[in-house]
Amino acid sequence: QVQLVESGGGLVQPGGSLTLSCAASGRTFSDYAMGWFRQAPGKVREFVATIGWTGGITNYADSVKGRFTISRDNAKKTVYLIMNTLKLEDTAVYYCVTPSKRYSQYINWGESNYWGQGTQVTVSS
């Protein structure tokens, strides 16, 4: 059973920073892509960032590009989302995700994925 556990969420003022962590277990971590999605109140869940199984290919939503960085530490079986210059619109529950398919560089909605329980990020003045 694949398990994903997010941590690091909290309350931060606009312009501040937070780093989210997602610890994975249940399979060979280094063989799979990892990613982050988020869901704000009253909105659909949206893509934030992904990192491929090799670690060299990353993708970001336009809304976070230049402000967020996704990274992975295979030895620790953990993926991170480093969030800088946070805005009010970044407020959401952030979910860690990984696909069932091995050796992928991307995560697709139409395929089977594993999800964490989410961690709340609130940006407020």
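Aspartate 31 counts as buried, at 12% relative accessibility; buried means under 20% relative accessible area, exposed over 50%, and partly exposed in between (1.4 Å probe, protein chains only). This is a predicted model, in which local features need pLDDT of at least 70 and side-chain atom pairs count only at pLDDT 80 or more, while totals for chains, interfaces and linings use all residues. Residues are numbered from 1 along each chain as its sequence is written, and side-chain values use heavy atoms, with hydrogens and water left out.

**Salt bridges**

- The structure has 5 salt bridges, a salt bridge being a side-chain nitrogen of Lys or Arg within 4 Å of a carboxyl oxygen of Asp or Glu.
- Aspartate 31 forms one of them with arginine 102, at 3.0 Å from N to O.
- Arginine 102 lies in the loop between S9 and S10 and aspartate 31 in the loop between strand S3 (18-25) and S4, so this pair ties together parts that are 71 residues apart in sequence; strands (E, at least two residues) and helices (H or I, at least four) are DSSP runs, numbered from the N terminus.
- Arginine 102 is partly exposed, with a relative accessible area of 40%.
- Arginine 38 is buried at 4% relative accessibility, and its side chain meets that of glutamate 46 in a salt bridge of 2.7 Å, N to O.
- Glutamate 46 is partly exposed, with a relative accessible area of 34%.
- Arginine 38 also forms a salt bridge with aspartate 90, where the closest N and O atoms are 2.9 Å apart.
- Arginine 38 lies in strand S4 and aspartate 90 in the loop between S8 and S9, so the two tie together parts that are 52 residues apart in sequence.
- Through shared partners, salt bridges join Arg38, Glu46, Arg67 and Asp90 into one network.

**Surroundings of aspartate 90**

- Aspartate 90 is buried, with a relative accessible area of 0%.
- Residues that aspartate 90 touches, not counting those up to four places away in sequence, are Arg38, Arg67, Phe68, Thr85, Val121 and Val123; contact means heavy atoms within 4.5 Å.

**Aromatic pairs**

- The whole structure holds 4 aromatic pairs; rings of Phe, Tyr and Trp (its six-membered ring) pair if their centres lie within 6.5 Å, and planes under 30 degrees apart count as stacked, over 60 as edge-to-face and the rest as tilted.
- The rings of phenylalanine 37 and tryptophan 115 have centres 5.3 Å apart and planes at 75°, so the pair is edge-to-face.
- This pair links distant parts of the chain, with phenylalanine 37 in strand S4 (residues 34-39) and tryptophan 115 in strand S10 (residues 113-115), 78 residues apart.
- Phenylalanine 37 is buried, with a relative accessible area of 3%, whereas tryptophan 115 is partly exposed at 29%.
- Tryptophan 53 and tyrosine 103 form an edge-to-face pair, 4.9 Å centre to centre with 65° between the planes.
- Ring pairs link Phe37, Phe47, Tyr95 and Trp115 into a cluster.

**Threonine 98**

- Threonine 98 is found in strand S9 and is buried, with a relative accessible area of 2%.
- The side chain of threonine 98 reaches the backbone oxygen of alanine 33 at 2.7 Å.

Note on methods
A polar contact is a pair of N or O atoms within 3.5 Å; within protein, one must be able to donate a hydrogen and the other to accept it, and residues adjacent in sequence count only if both atoms are side-chain atoms.
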